[in-house]
2 protein chains.
Amino acid sequence: MAQKLSTDMDSASETASHADRVYEALTQLIVDGELTPGMAVSEAQLATRFGCSRGPVREAVSRLQGQRLIVQAPNLRPRIASIERGDVVQLFQMRAALEGLACRLAAETMSDADIAALESDLERWHAALKAGTADDIPELDVHRRIAAGSGNRWLVEWLSGDLYRLLSLYRRKSGDRPGRRPAAHDEHWQIVRALRSRDGDLAESLMTSHIERAIARLPHLDS
Amino acid sequence: MAQKLSTDMDSASETASHADRVYEALTQLIVDGELTPGMAVSEAQLATRFGCSRGPVREAVSRLQGQRLIVQAPNLRPRIASIERGDVVQLFQMRAALEGLACRLAAETMSDADIAALESDLERWHAALKAGTADDIPELDVHRRIAAGSGNRWLVEWLSGDLYRLLSLYRRKSGDRPGRRPAAHDEHWQIVRALRSRDGDLAESLMTSHIERAIARLPHLDS
DNA sequence: TGATGCAAAACTGTCAGCAGTTTTGCCGTA
DNA sequence: TACGGCAAAACTGCTGACAGTTTTGCATCA
């Protein structure tokens, strides 16, 4: 079945309120790293930047506050959330557990066609990597597609949404070198093969180990 | 070590903004079930109810929107999120994975004193239950204390915070009969014993099964 | 009786402005 | 030069108001 294009985060619906647009733009600014963790932002400046008054900005900031991407103390300027190394380890622990679950579910519910497509895309990307023509990040995409294949809507929203954004904060802080790790391809390939053989337990365990290895590889900066 | 009293959700700090108070009150209203899932609320009415203008209300609503407890379509009144049975199953799947993780971590990091206290409280509560003098919910408390014992701050915030509130929506919708199940005590007791013997794998597996049993017991209403 | 259309009421989205607080930048002093 | 202190600037928290949209309730008609 063709899946319904993920979440309710429809990018730029035709009738989006000003607050919605500011929310989208602000989120992007944070994920892209133009707004760095710990940085204070001013409602007024954001308002002029986005061409509206402070009302919609306030709303967007509140929404991001609900997602813990922005923190705000009374009477102080809102700050982009700051993620320490300890937080990343903890978030990765949760990610390992949840992506493991996603794998187990995907092994049961993902369609043969989707698995085959994932497999061939993975091969194609690997070939392109060897040829030096690929610079997108397959890491994220493989994980995202498996999460989507789990059929668990909340898992997708959280793994590919909230948790992804939270972790992107730290990526910015630590030099941002995503993937490009030769072993990752093998691990991904093994996972996909477990999916194809519908071995949920194996897929889960492979994915968990895959992410736990990523924890071990976290940069050891201690700011 | 005495833990630092959980999150940044300090209830009623002395210098709380109006928006903060509305946020707290509104959250409580939803969790307590006075505002039922799917119900439309009016900013203006909330504003008069809480004795402020629409600004702070709008902010609180946005924050709850960020936590997916409230949904809002353009130009329409905000609605309390509506959780269907399928959603609950999916959320419980995630809960099983995460509480399993919490158990495994707690088996490593929880102090002997905390485990002993949990054990004796569990016994005391069980005795009170038999005597008919207990009507608080131990279910939640055991789970909450194990989550806290995991030492993973984000796990606590999500399990005892966001996820708990989300699931409370459905509890309201389905007759709300939390726990009071005799077998649960045994299962809790087994889990705590696994914690005491520092057997993380066993604790994890016991907790996962414990919650999966709860999934199987979910009411079969299909609204 | 039951469906339909319409006007009034209610409500959301947004803005400009005011009061009170924090931050900034400068000036005098040691 | 380095250090407080103070006034101006910047900013948050909140309010009331206005335009445009949705909902409500009534009256009309088949």
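1. Helix 9 of chain B, residues 200–216, has 17 residues. From first C-alpha to last, helix 9 of chain B reaches 24 Å, close to the 24 Å expected at 1.5 Å a residue (the expected span being 1.5 Å times one less than the number of residues). Helices here are DSSP runs of H or I with at least four residues, numbered from the N terminus.

2. This is a predicted model, in which local features need pLDDT of at least 70, side-chain atom pairs count only at pLDDT 80 or more, and totals for chains, interfaces and linings use all residues. Residues are numbered from 1 along each chain as its sequence is written, and chains are lettered from A and ligands numbered from 1 in the order in which they are written.

3. The buried residues of helix 9 of chain B are Ala203(B), Glu204(B), Leu206(B), Met207(B), His210(B) and Ile211(B). They cover an arc of only 170° around the axis, which puts them on the same side of helix 9 of chain B; the arc is that of the directions from the helix axis to the C-beta atoms. Asp201(B) and Ala216(B), on the other side, are exposed. A residue is buried if 20 or more other C-beta atoms, placed from the backbone, lie within 10 Å of its own, exposed if 12 or fewer, and partly exposed in between.

4. The buried residues of helix 9 pack against helix 4 (85–109) and helix 8 (182–196) of chain B. Leu202(B), also in helix 9 of chain B, is partly exposed because 18 other C-beta atoms lie within 10 Å. Between Leu202(B) and Cys103(B) there are 9.0 Å in space, C-alpha to C-alpha, and 99 residues in sequence.

5. Between the chains, 24 residues of chain A are in contact with 24 residues of chain B (contact: C-beta atoms, placed from the backbone, within 7 Å). Helix 4 of chain A gives the largest share of the chain A side, nine residues. That side divides into nine nonpolar, 10 polar and five charged residues. Ala, Val, Leu, Ile, Met, Phe, Trp, Tyr, Cys and Pro count as nonpolar, Asp, Glu, Lys and Arg as charged, and the others, Gly among them, as polar.

6. Around DNA strand C there are 20 residues, of which His18(A), Cys52(A), Ser53(A), Gly55(A) and Glu43(B) come nearest (near: C-beta atom, placed from the backbone, within 6 Å). Seven are nonpolar, eight polar and five charged.

7. DNA strand D is surrounded by 19 residues, the closest being Glu43(A), His18(B), Cys52(B), Ser53(B) and Gly55(B). Seven are nonpolar, eight polar and four charged.

Definitions and conventions. Contact = placed C-beta atoms within 7 Å. Helix = DSSP H or I, 4+ residues; strand = E, 2+ residues; numbered from the N terminus.
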